[in-house]
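Let's take a friendly walk through this model, one topic at a time. Please have the structure open as you read.

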Amino acid sequence: MNSSFEIPLFPLSAHLLPGGRMSLRIFEPRYVRMIKEACRADTGFGICMVNAQGDKHKNEHIYSIGTFAKVIDFDLLDNGFLGVTVEGHRCFNIQSMKTESDGLRLGECQWLDEWTEQSAEHSIAPIDERLMEIFDKYPELQTLYQTPNYNDPVWVIYRWLEILPVDAEKKQQLIQQKDYLQALSFLTELVE
């Protein structure tokens with residue numbers, strides 16, 4: 001049985017998926033506290049996509065599928081902000097949410113099943129080659145990933161879902177599938 005766990009939630013318009021890396025600038029006190037606590041306890045937090053149509057007061061402004069992230073590097077920036085690099089580890093589903101006095105939201109969550117590599121009959125070409133081209137064109141992506149894993153279909157699909165300007169609701173729908181085949185089909189159509 002999938003037991004639940006509670007983690008702080010960090011809503012963003014961008015999204016991070018397992019194996020992904022992202023640089024964040026943290027300045028709001030509630031999120032500075034979240035980062036400090038995560039670093040002190042060597043735990044993480046949930047990065048969640050924002051639902052622009054959702055009611056903030058009812059905690060409906062955060063989509064239910066998020067990614068557990070851990071801080072892998074941090075720095076104090078010139079403007080006084082906290083600069084952190086995070087890495088995504090595993091997707092979860094938020095069952096319920098509560099808000100602390102400083103506005104930090106905590107989610108009661110359960111893990112989603114992880115995607116695994118499908119049979120060899122499902123080629124990821126040409127999306128793997130196109131992703132290499134994008135990484136070559138944007139040095140900021142290369143900086144985040146010293147060893148990109150273009151041979152891993154799950155890694156390639158997750159990177160595409162992070163960078164494509166696709167509606168968050170569509171990304172949510174694809175991420176919660178039991179395998180990546182629907183996402184692969186969707187991405188192949190877009191990229192070809």
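## Two helices in contact

Helix α5 (residues 168–175) packs against helix α6 (residues 181–191) at an angle of about 140 degrees, and their axes lie 8 Å apart. Axes are lines fitted to C-alpha atoms, for helices over the stretch in contact, and angles run from 0 to 180 degrees between N-to-C directions. Helices (H or I, at least four residues) and strands (E, at least two) are DSSP runs, numbered from the N terminus. The model is predicted, with pLDDT of at least 70 needed for local features and 80 or more for side-chain atom pairs, while totals for chains, interfaces and linings use all residues. Residues are numbered from 1 along each chain as its sequence is written, and side-chain values use heavy atoms, leaving out hydrogens and water.

On the α5 side, Lys170, Gln173 and Leu174 meet Gln182, Ala183 and Phe186 of α6 (contact means heavy atoms within 4.5 Å).

## Strands around β6

Strand β6 (residues 105–111) pairs with strand β1 (residues 5–12) in the antiparallel sense over five bridges; two strands pair if DSSP finds at least two bridges between them. Pro8 has Leu106 in β6 as its bridge partner.

Strand β5 (residues 82–99) also runs antiparallel to β6, joined by seven bridges. Here Lys98 stands opposite Leu106. Five residues lie between the strands of the β5 and β6 hairpin, where Gly103 takes a positive phi near 95 degrees.

## Cysteines

How many disulfides does a search of the whole structure find? It finds zero, a disulfide being a pair of cysteine sulfur atoms within 2.5 Å. For Cys39, the nearest cysteine sulfur is that of Cys48, 18 Å away; for Cys91, the nearest is also that of Cys48, 10 Å away.
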